[in-house]
Amino acid sequence: RTPLTMIQGFSELLLTRDVDEKNTHEALEQINVSAGRLGLLIEDLLSVSRIESGRLDVRLAPVDLAQAVEEVSALFDRDRKIRIEADDDFPPAMADGELVIRILTNLLSNAVKYSPPETPIFVTARRVGTSVEVSVSDHGIGMTKAETARLFDKFFRADRPEVRSAGGTGLGLYITRNLVEMQGGQIWAESELGRGTTFRFTLPLALRDAQLVAP
């Protein structure tokens with residue numbers, strides 16, 4: 001309820017008090033930020049509802065992972081250097097392009113949120129048997145083994161100041177895990193406190209002669 005409380009509080013301030021221009025601008029900024037956070041929370045809750053009720057459609061087709069990674073990385077270019085590596089060309093995946101974009105966005109957003117701005121983020125892809133393995137690595141705050149074990153639980157957030165200050169719903173990684181598994185893949189994390197985290201997920205490999213589609 002925190003975003004709603006902020007919106008109510010600052011809007012009441014603007015409506016009931018004589019506020020100068022500077023403080024008005026700051027109050028409107030807080031309302032805007034809180035509205036954005038509330039919108040993300042509602043979107044996450046709707047996603048959880050669709051996943052758990054079986055109403056989220058998965059449309060599998062060969063997906064150009066290189067294009068998907070470049071598209072999502074471009075969203076974070078202003079905040080961070082994203083380094084992309086792959087075995088030759090990115091292997092194509094048999095997946096749902098829109099869900100792949102959502103997965104990559106969640107993982108890159110986490111990496112940016114929990115790592116210093118001067119450090120790069122690495123995205124890699126490789127073939128592993130009949131699957132494609134994609135990893136997203138950062139040099140951020142990392143996690144303990146106990147935190148890593150609960151990372152994909154619904155509403156779980158580590159009880160540390162640096163995590164609480166970053167904001168979040170505790171639903172992003174729960175949703176991400178479900179999206180990966182719904183496409184026949186697996187996801188896991190490797191982390192060391194104070195040294196960073198690597199998320200890895202797999203998706204089925206598309207056939208070599210399959211026609212790639214944009215994500």
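This is a predicted model: local features need pLDDT of at least 70, side-chain atom pairs count only at pLDDT 80 or more; totals for chains, interfaces and linings use all residues.
1. Geometry of the first pair. Helix H1 spans residues 2-16, and helix H2 spans residues 21-52. They pack at an angle of about 155 degrees. Their axes lie 8 Å apart. Angles over 145 degrees count as roughly antiparallel, so H1 is roughly antiparallel to H2. The crossing of H1 past H2 is left-handed.

2. Contact of the first pair. H1 contributes Pro3, Met6, Ile7, Phe10, Ser11 and Leu14. From H2 come Thr24, Ala27, Leu28, Gln30, Ile31, Ser34, Ala35, Arg37 and Leu38. What is the make-up of the contact of H1 with H2 by class? It has ten nonpolar, four polar and one charged residues. Arg37 of H2 is part of this contact, and Arg counts as charged.

3. Geometry of the second pair. Helix H3 covers residues 65-75, and helix H4 covers residues 97-113. Here the packing angle is about 45 degrees, with the axes 10 Å apart. Angles under 35 degrees count as roughly parallel, and 65 to 115 as roughly perpendicular. H3 and H4 cross in a right-handed sense.

4. Contact of the second pair. On the H3 side are Leu65, Ala68, Val69, Glu71, Val72, Ser73 and Leu75. Val100, Ile101, Leu104, Thr105 and Leu108 make up the H4 side. By class, the contact of H3 with H4 has nine nonpolar, two polar and one charged residues. Glu71 of H3 belongs to this contact, and Glu counts as charged.

Technical notes: Residues are numbered from 1 along each chain as its sequence is written. Side-chain values use heavy atoms; hydrogens and water are left out. Axes are lines fitted to C-alpha atoms, for helices over the stretch in contact, and angles run from 0 to 180 degrees between N-to-C directions. Helices (H or I, at least four residues) and strands (E, at least two) are DSSP runs, numbered from the N terminus. A crossing is left-handed if the near helix is turned anticlockwise from the far one by less than a right angle, and right-handed if clockwise. Contact means heavy atoms within 4.5 Å.
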